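Trainee: I would like to learn how to read side-chain contacts in a model. Please show me the structure and take me through it.

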Amino acid sequence: MATDMQRLIGTSEEDDEEEMDMDVKEEGDGDDDEDVEKHVDATPMMIGVDGGMATSCGNNNRFQQHQQMQEVGTPGGGGARRCRPLEEKERTKIRERQRRAITAKILAGLRRHGNYNLRVRADINDVIAALAREAGWVVLPDGTTYPSNSQGPRPAGVNSTAVTSSSSQMMSQTTPVSLKGVTSDYQSSVEHNAGHMKSVFMPGSSPYDLPSIITGDGGDQTQSHPLIGGSMDNVGDKQIVDMPQKLPERDFANTAYIPVYVMLPLGVINMKCELVDPDGLLKQLRVLKSVNVDGVMVDCWWGIVEGHAPLEYNWNGYKRLFQMVRDLKLKLQVVMSFHECGGNVGDDVCITLPHWVAEIGRSNPDIFFTDRAGRRNPECLSWGIDKERVLRGRTAVEVYFDCMRSFRVEFDEFFQDGIISMIQVGLGPCGELRFPSCTVKHGWRYPGIGEFQCYDQYLLKSLIKAAEARGHSFWGRGPDNAGSYNSRPHESGFFCDGGDYDGYYGRFFLNWYSRVLVDHGDRVLSLAKLAFFGTCIAAKLSGIHWWYKTPSHAAELTAGFYNPCNRDGYAAIMMMLKKHGASLNLVCTQLHMLDQNIDFQEAMGDPEGLFWQVLNAAWDVCVPVSSENALLCHNRVGYNKILDSSKPLTDPDGRHLSSFTYLRLSPLLMERHNFMEFDRFVKRMHGEAVLDLHV
């Protein structure tokens, strides 16, 4: 009996030593207690085999066995049950030091000779991930790893005739079925809801549909399947899995290569111009690089870099960020953001205009856009001060130019190396070329028409001057019957059918209002072209699509786009961009239909029609067009909409977008099923073939 017990204890000690050899952490003294419990649990079964002890044991037997275990002596002499000697602990520590020394040498060698961008405190997981990515694998932050030339780990397929008990395992498939990419996000789309089916799988159904999975021994519950974005309902003694219908897709293999950029988080640089969480960001950028994302886009906030005093710039955080991007061999698109962040859709941080500008605004609030009621909008500077020296001796365009010139000098090496591929110049609220007509802070809600923003003293002075030049000085005022922020077109005398917008005064006012917008873009882009000579510059245009199907296009008019049904309001903007060799960044608004419960019928909206109008206006004068999504997108239906817009099937000249920027990098994007869909989207934008195409 004692011999058997000693043999058992000795074997366990050897196993413990092997486990310590595999572990990379030092083992504490508390492990001995866990080992005792393991021996106690294992003893009855092993001793029962030799017939020396019964195999069944209750609480009393377990207590007696525990006492016997404590009375067994160690090979070195009498004593209590196994206390690990100090010599053994020292050996464990030595082995751990040796392991760490080897890891340090591996890291040093990879940094020096393999050009791996590993942090100083990198561990073995970082080494394995770097080597895996070098070998062509995708490694997500949670450790999920799959080959980059596939669509991720594929769960076992399902036999079309598999009927098993609830305790049985899934049968092997007769036809491989990819369950990847079918997520809860995908199910929430409009198209899926229309085609959603719930039925027992029948042989002979379409090969592009996912079959329903039937299992036996049903109950009265509904459960989520771990591998697919469906649910499992129990009907009688059968379990029927909800399966979404797969929608047909275009094959984008061997089509044009469209670069894909990812917008970094708004708060990646804090108000002290410091890079936030550089280690976490580096890991995410490596993951993006592993799926061949071309680069990233980042906002360069005026309120951060020149926040405290005029002409005193702080670029420290951006220097560190840009170096990190260059080390990973990614490209950079930089947005010169001369507006504040916070209060708009998608804003999760608050970045104001520079403090010294706010001080000027307190004494002279007319430097900000103003509505008819006199409410100021400090989101950006009024275009009325573009030529007014009200910013401590400088005009607004001079302030913008000085900031852009400082940036160009500070990051000259990144321009010379081609790391910075494009500069997008902020021209208004949200960085877009438009008036801030739909301001949430002032009470606007979709689908209100918004209000004209021309009531600061500088723009009113310009309006009066234009009216006098026209010979009608009494036209030097804004419309008094244009409604309020949340009015509908038919509720105002200016925008209703046959309203004043199409009269003599209305046409004069709207011509002047839209000309202010074009002239502002012209002035700022001319200086941007000078500051960033040799680098592509761009302007961003939003899609004000509600009330697009009405004659007046009221929401577009208040935003500065003179685009009623009988006039092309975007041609003048495209000619201005063409003049400066600038490209257009057009926000892809079609995704509103997929991600928001918006009643387009009530708002007479047509985001797709607006998108194509602006796109054709740009292409007609050979202005390159890039795009970005307006709202978050993680599902296949949304990605397919973007792909169809990026590579139009019916365009006779084969034209396509010049690049696409995905908004935005976040932990939600890095979730396994979301990132696998994104990986698939990037491949198709690059013109590569994918494995699970449903045509």
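Trainee: Which ring does Arg326 lie over?

Mentor: A charge sits over a ring if NZ of Lys or CZ of Arg is within 6 Å of the ring centre and within 35 degrees of the ring normal. Here Arg326 lies over the face of Phe414, at 4.4 Å from the ring centre. Another case is Arg477, whose charged end sits over the ring of Tyr505, 4.7 Å from its centre. This is a predicted model, in which local features need pLDDT of at least 70 and side-chain atom pairs count only at pLDDT 80 or more, while totals for chains, interfaces and linings use all residues. Residues are numbered from 1 along each chain as its sequence is written, and side-chain values use heavy atoms, with hydrogens and water left out.

Trainee: With which residue does Arg326 form a salt bridge?

Mentor: A salt bridge is a side-chain nitrogen of Lys or Arg within 4 Å of a carboxyl oxygen of Asp or Glu. The partner of Arg326 is Asp417, with the closest N and O atoms 3.0 Å apart. Asp417 lies in the loop between α13 (412-416) and β12 (420-425) and Arg326 in helix α10 (residues 316-327), so the pair ties together parts 91 residues apart in sequence. Helices (H or I, at least four residues) and strands (E, at least two) are DSSP runs, numbered from the N terminus.

Trainee: Is Arg326 buried or exposed?

Mentor: Buried means under 20% relative accessible area, exposed over 50%, and partly exposed in between (1.4 Å probe, protein chains only). Arg326 has a relative accessible area of 18% and is buried.

Trainee: How many salt bridges does a search of the whole structure find?

Mentor: The search finds 33. One of them joins Arg488 and Glu602, at 3.7 Å from N to O. Arg488 is in the loop between α14 (457-470) and α15 (504-531) and Glu602 in helix α19 (residues 600-603), so this pair links distant parts of the chain, 114 residues apart. Arg488 counts as buried at 19% relative accessibility, whereas Glu602, at 45%, counts as partly exposed.

Trainee: What about aromatic pairs?

Mentor: Rings of Phe, Tyr and Trp (its six-membered ring) pair if their centres lie within 6.5 Å; planes under 30 degrees apart count as stacked, over 60 as edge-to-face and the rest as tilted. The whole structure has 42 such pairs. For Phe509 and Tyr513, the ring centres are 5.6 Å apart and the planes at 20 degrees, so the pair is stacked. Both residues lie in helix α15, 4 residues apart, about one turn of the helix. Phe509 is buried at 0% relative accessibility, and Tyr513 is buried at 1%.
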